[in-house]
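Have a look at the structure first, then read the points with it open.

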Amino acid sequence: RVPRAIGLSRRPGEHEQGMVLAETKLTLTDGRLAVEVVSATGKVTAYASVIDNLTNDPLMVFPVLKGAESATRYVIPGVADINNGVASWRSDLRFFNPAATSVTATLAYFPQPGNAPASGTKQITIPAGQVMPIDSALQQLFALTNSGGSLLVTTPSTSKLIVTARTYNQTSNGTYGQFIPAVTPAGSVGLSDNRVLQLLQLEASDKMRTNVGVVETNGSPVTIELTAIPPDSKVAAKTQVTLAANQFIQFNDILKSFGLGTVYNARMTVKVLSGIGRVTAYASVIDAATQDPTYVPAQ
């Protein structure tokens, strides 16, 4: 399909949200949108909000600079294929290869403790300049159900892949889900970085609960400290966790498990205490009525 260009002009500081595809009468499946500044001045950022027409649930898609990431390891935390009678979760993957040549990648699945493991790894080849979709990825790649964990994508030499997932609850009347971008070791934190990851806007109440996931990204063990901090409080709850190489763990309803009770606008930090591994983290704030998750990336 031939790419189509749309010209837009924005004043300093201006924000605009519009139905770009509908307004231009484009039908697009598994496509991508490139935003490029063609004037001599100005800088922009962008996002997409992909909305389920049945539930009106929006999926926020973060922008990524094309070709800016160079890595041999990409980790997607929080992939799943779980049907527990309350919700039916699955993960759809998208791989974009901006290079002029195809890239072969090896996919390895790491379940969190107690979940079904994969049998071996899978290889895929992503054509040059194309987006490769893999829906219901754990089933399609590894014939897995009732399992959740993280997915490690490796390439034999440095590549510039953009790897993302949509993990969502499929209901009889539409979907509720969250967009999850892959993280590289360079985008994670280690002991030498002297930096603490921050997770904001967390909640534990009769309306919302918070899950927090952590994953080791560098292929080496690491010990971390998780600290939950209620607003305007001098008391913080802490715990230490040791992650094996590539290990993923999600802590469900973590604020209540820390004994904090009902809490709004809490913050959690993730700090590396020892080891040569690197770690990334996320929070998933879930609506109790709809099971709709909001993905909160670590900063």
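1. Strand 3 is mostly covered, with 10 of its 13 residues buried. Buried here means under 20% relative accessible area, with exposed over 50% and partly exposed in between (1.4 Å probe, protein chains only). Strands (E, at least two residues) and helices (H or I, at least four) are DSSP runs numbered from the N terminus.

2. Before going on: this is a predicted model, where local features need pLDDT of at least 70 and side-chain atom pairs count only at pLDDT 80 or more, while totals for chains, interfaces and linings use all residues. Residues are numbered from 1 along each chain as its sequence is written, and side-chain values use heavy atoms, leaving out hydrogens and water.

3. Which strands pair with strand 3? Strand 8 runs antiparallel to strand 3 and is joined to it by 9 bridges; strand 4 is also antiparallel, over 3 bridges. Pairing requires at least two DSSP bridges between two strands. Ala-80 has Gly-148 of strand 8 as its bridge partner, and Asp-81 stands opposite Arg-90 in strand 4.

4. Strands 3 and 4 form a hairpin with 4 residues between them, and Gly-85 in the turn has a positive phi of about 90°.
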